[in-house]
Amino acid sequence: MKTKLIASLVASMAFAVSAQARPAQMNLKDVARGLAGPPTQVMVLGTSHLSGFPKEFKAEQLAPLLDRLAVFHPEIITIESLSGEDCDRLKRFADTYPGVWNDYCWDTDVARKATGLDVPAALAETAKVLAAWPATPAPADRRHLAALFSAANDRSSALVQWLRLPESERHSGDGLDDALVAALTERVGKMNENYQIAAVLAARLGLERVYPVDDHSADSIQANLGPDFEKAMEAHWRRDSPERTLLKKRWGEPGAGRDMLEYYRTLNDPENQWLAINTDFGDSLRDTSKEQWGRRYVAWWETRNLRMVSNIRAAFGRTPGARVLTVVGSSHKPYFDAYLGMMHDVKIVDTLRFLR
C-alpha cells in the first residue's frame with residue numbers, strides 16, 4: 001500500500017513538473033519532433049493575373065520562370081481556381097452567395113453534352129479513372145480524362161491532359177467532341193496563370209493534373225452589405241499614399257519587353273509583399289468608420305485564405321513529404337506562407353531562392 005502511495009505521489013509530481021514546463025502558448029511545430037520521414041515542402045509563387053497583361057505579351061516570356069520552377073520539381077501543383085464541387089455548391093446556394101457563381105465559375109453544358117455526365121458524376125468518374133491510371137497511358141486514355149476533367153469543371157487539369165498529348169493526337173474522340181476540342185485548343189494560348197504557368201509546368205513535369213483550391217464561400221461575409229460598403233472599399237483602393245506610390249514604382253508594368261523573372265522576383269520579395277498587404281489590409285484594419293467596413297473586408301480576406309489553405313492541405317494530405325507548388329495571386333502569398341507554416345510537417349520553401 002505504501003509503495004503504491006509513493007508511486008502515485010511521484011507520478012503526480014512528474015505531471016505537475018511537466019505541466020509547468022509547457023509554454024503558455026504552444027508552438028505546434030514542436031509536435032513534429034521526431035517526424036517520420038522528410039517534411040512536406042511547400043513553395044508559394046505569388047503572381048499577377050495574366051489576363052490583365054497587355055495583348056502584346058507572349059507566353060514564351062514565361063520560359064525563364066518555368067525553368068526555375070521546374071528545378072524545384074513539384075509533385076503537386078495547386079491553383080487559384082474553384083473546384084467543380086465548389087462551383088456546384090455555389091450554384092445550388094445562389095441566394096447565400098449572390099452572383100458568385102456567375103463571377104468565378106463556368107457552365108459545363110458543352111462537356112455534359114459530350115460525356116453525358118453532370119459535375120458530381122464527372123468528379124466521381126474522374127477519381128475512379130485516376131485510381132486505375134496506367135503507367136503508360138494511351139492517347140485515348142488522355143483524351144477520355146481530358147473530357148472527364150472538362151465535365152467536372154476542372155479546365156486546367158483538362159488542359160494538362162491535352163498538353164501531354166502529341167499534337168497529332170489532339171483531336172476529337174474518347175469523350176471529346178469538336179466543341180470540347182475547340183475549347184481546349186483555345187485554352188492553349190489563353191493568358192491565364194493557371195494555364196500558362198501551372199498547367200504547362202505540370203505537363204512538362206509529367207503530372208496528370210493540377211488542384212483547384214480557391215474558395216469563395218467566404219463571400220457570404222460581404223453579401224448584401226449594400227452600396228455603402230462598395231463605395232467605401234472603392235475609395236479605399238483608390239486612395240494614394242507614399243507606400244502605394246513606392247510599391248507601384250517597384251512593381252512597374254508587366255509589358256511585352258519586361259524581364260519576367262525579374263518581375264516575379266519583385267512580386268515575391270517579402271518587403272514588397274509587406275508594403276502591399278499593409279497598404280491594403282493594414283489600412284483597412286485602421287478604418288475608423290462607424291460601420292467598420294475595413295474590418296469586415298479583412299474578415300472576408302482572412303476567412304478566404306484560411307479555407308484556401310485547408311484545401312491545399314487536403315491536396316497533399318495523401319502524399320506526406322511531397323514537394324508542393326502553389327500558384328496564387330501575390331496578395332495571398334504572405335497569408336499562405338504564415339498559415340501553411342503552422343502545419344506540423346510542412347516546411348515553407350523560400351521562393352526567391354529558386355527565382356534568383
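A cavity is a set of points, on a 1 Å grid over the protein atoms alone, where a 1.4 Å probe fits but cannot get out, and residues with an atom within 4 Å of a point line it. Welcome to these close-ups of a predicted model, where local features need pLDDT of at least 70, side-chain atom pairs count only at pLDDT 80 or more, and totals for chains, interfaces and linings use all residues. Residues are numbered from 1 along each chain as its sequence is written, and side-chain values use heavy atoms, leaving out hydrogens and water.

**View 1. The largest cavity and its lining.** The whole structure holds 3 cavities of 30 Å³ or more. The largest cavity has about 60 Å³ of space, a volume being the space filled by probe spheres set on grid points joined across faces, edges and corners. Look for Leu82, Asp86, Arg89, Leu90, Tyr97, Asp215, His216 and Ser217 around it. By class, this lining has 3 nonpolar, 2 polar and 3 charged residues (Ala, Val, Leu, Ile, Met, Phe, Trp, Tyr, Cys and Pro count as nonpolar, Asp, Glu, Lys and Arg as charged, the others as polar).

**View 2. The second largest pocket.** A pocket is an open set of grid points with protein on both sides within 12 Å along at least five of seven lines. This one has a volume of about 890 Å³. Of its 26 lining residues, Arg209, Tyr211, Pro212, Ala314 and Ala315 are the closest to its centre. The lining divides into 13 nonpolar, 5 polar and 8 charged residues.

**View 3. Aromatic pairs.** Rings of Phe, Tyr and Trp (its six-membered ring) pair if their centres lie within 6.5 Å; planes under 30 degrees apart count as stacked, over 60 as edge-to-face and the rest as tilted. A search of the whole structure finds 13 such pairs. Phe281 counts as buried at 3% relative accessibility, and Tyr335 is buried at 12% (buried means under 20% relative accessible area, exposed over 50%, partly exposed in between, with a 1.4 Å probe and protein chains only). Both belong to a ring cluster that includes Trp237 and Tyr297.
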